[in-house]
Amino acid sequence: MTTAGDELALLINPSAGRGRGARAGRRAAHRLTEAGLTVRTLAGRDVREAADLARESVEDGVRALVVVGGDGMVHLGLQAVAGTGTPFGVIPAGTGNDFARALGLPLRDPDAAADVVAAGRLREVDLGRTDGQWFAGVVAAGFDAKVNDRVNRMRWPKGPRRYDLATFAELGVFTPIAYHLELDGDVLDLEAMLVAVGNIASYGGGLRITPGAELDDGVFDVVVVAPVSRATLVRAFRRVRRGTHTAYPFVTVHRARRVKLDAPGITAYVDGERLGPLPRTFDVVPRAQQVYVPPAGLP
């Protein structure tokens, strides 16, 4: 007789990656079953149902929760597992996959990602927490957040082109933001183009905005971009994918366990999800979650 403790819960986002989630979920379920694991496949019709299914499976005592999707699905799954002791796995199938990238997972091979789970190698990683909500990635709270706001209001075009157009549109009206920032109690009142609070190095599908951030060092990396011209900001963003923008004199990097952040009119985003308006306090919770990683993961 199979009990919940024998089952691995596989939570699929069918719409992730414009349909890649459903295909990746089927492949991962088959691969895990071939490896001798008992798989409980879950697929919510919407975000609320998916969250309920994840929480219920963890409360049932499943051996692990594995999500199939992108960073939004990671965010949803973490709300169910963090603090419970239940291991967590990721089959990347979204557009960004930044948490999976930080873990060293294969990003375009569901079979190989399922093999990582089946191998059972676990590593403890840090998570962030704000107002009772867990997160894995980078908090966007500046120009990048304004672009997200604009994208969410746009109905055309679809896909990555929408972000390009939103970026250029926002550049035309963007002005520096007045921030109140507290880093482990040290107060900074300043103007900046953006402040990013990173538990991992990248957001937006590999944009290494906080390139020095590590998943198990017990601190956030906080990147501050001082006021610059629009042309200079564009040049700096061209270097973000390589993470070399921190060499500019107008970019500073801080490290802190607790970050309090306030700025008028700014909505914060993390893991591709809308957190809500500032002010907010972000805390690192060291080694908060066990995750499945490949042998080369988290060097």
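Predicted model: local features only at pLDDT ≥ 70, side-chain atom pairs only at ≥ 80, totals over all residues.
In which strand is His180 found?

1. Residues are numbered from 1 along each chain as its sequence is written, and side-chain values use heavy atoms, with hydrogens and water left out.

2. To the opening question: His180 sits in strand β8, residues 177–183 (strands are DSSP runs of E, at least two residues, and helices are runs of H or I, at least four, numbered from the N terminus). His180 counts as partly exposed because its relative accessibility is 27% (buried is under 20%, exposed over 50%, partly exposed in between, with a 1.4 Å probe and protein chains only).

3. The side chain of His180 makes a polar contact of 2.9 Å with the side chain of Glu182 (a pair of N or O atoms within 3.5 Å, where within protein one must be able to donate a hydrogen and the other to accept it, and residues adjacent in sequence count only if both atoms are side-chain atoms). Beyond four places in sequence, the contacts of His180 include Val187, Asp189 and Leu261 (contact means heavy atoms within 4.5 Å). His180 and Leu261 are 81 residues apart in sequence, yet their C-alpha atoms are 5.9 Å apart.

4. Now the domains: the chain is divided into domain 1 (4–120) and domain 2 (138–285), with bounds from an automatic or database domain assignment. Their C-alpha centres lie 28 Å apart, and each domain gives ten residues to the contact.

5. About 770 Å² is buried between domain 1 and domain 2, with carbon and sulfur atoms giving 64% (the accessible area, 1.4 Å probe, that two parts lose on being put together, summed over both). Six residue pairs are in polar contact between the domains, both residues at pLDDT 80 or more. On the side of domain 1 that touches domain 2, α3 (71–81) and α4 (98–103) each supply at least two residues, and α4 gives the most, with five.
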